Amino acid sequence: MDALHCIAGRRSCRSYEERPVPAAMIDELLRLGTKAATGSGLQPWGFAVLEGWETLRALSDEIKAWLLPRLEEEPWLAQYEEWLHRDSYNIFYNAPALVAVYGDPASHWYIYDASLCAANIMLAAHAQGLGTCWIGFAESFLNRSEIKARYHVPEDFRLVSALTLGFARGHLPEAERRPPRIFYRG
């Protein structure tokens, strides 16, 4: 798949096949992710890779239980309160893997760099027949000190992106988007 078709065809995946992603494939996606542009060459990213349906189901339940009493602190998530109450709702959409992309704030550009890294991972995954979805529900939870310690993430690193990863179930049509909003062309 060429780069233009990859960009045009990538969609957020919320339905995955019931097969694991080989570790070598995940490692290659991380390698390709780190080919992203990086301010001053600092490469401020790091990763936590979680694998297995049971692991992610348990983490989903833990995050939902943690978020529900905190929706006032995270008002952008309040619209999903009904979902978070449902036992059947898995915030990771039953994906077999999760890649948490962390950034080192010692770099002024860590958010940009780690976001570009995440975008590379998403595009590379799509090119290989895998689906991804950026999971906003995980942001605050995976930034907690005790959770970073659980996954051996240095305390000063900050979560930038949590990406589900798995073999996409079915094919999604190209995303429809509004035309670019151009403020100025001189």
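**Packing around helix 5**

The buried residues of helix 5 pack against helix 1 (3-9), helix 2 (23-33), strand 1 (45-51), strand 2 (97-103), strand 3 (130-134) and strand 4 (158-167), where contact means heavy atoms within 4.5 Å and buried means under 20% relative accessible area with a 1.4 Å probe, protein chains only. This is a predicted model in which local features need pLDDT of at least 70 and side-chain atom pairs count only at pLDDT 80 or more, while totals for chains, interfaces and linings use all residues. Residues are numbered from 1 along each chain, and side-chain values use heavy atoms, with hydrogens and water left out.

Student: What distance does helix 5 reach from its first C-alpha to its last?
Tutor: Helix 5 covers residues 110-127, which is 18 residues.

Student: Which residue with a positive phi follows helix 5?
Tutor: The buried residues of helix 5 include Tyr110, Asp113 and His126. After the helix comes a residue whose phi is near 80°, and this residue is Gly129.

Student: What radius of gyration does the protein have?
Tutor: The globule rule, over C-alpha atoms, is 2.2 Å times the number of residues to the power 0.38. For 186 residues a compact globule would therefore have a value near 16 Å, and in agreement with this the protein has 17 Å.

Student: What percentage of the residues of the protein count as buried?
Tutor: The count is taken over the 186 residues of the protein. By the cut-off already given, the buried share is 43%.

Technical notes:
Buried means under 20% relative accessible area, exposed over 50%, partly exposed in between (1.4 Å probe, protein chains only). Helices (H or I, at least four residues) and strands (E, at least two) are DSSP runs, numbered from the N terminus. The expected span of a helix is 1.5 Å times one less than its number of residues.
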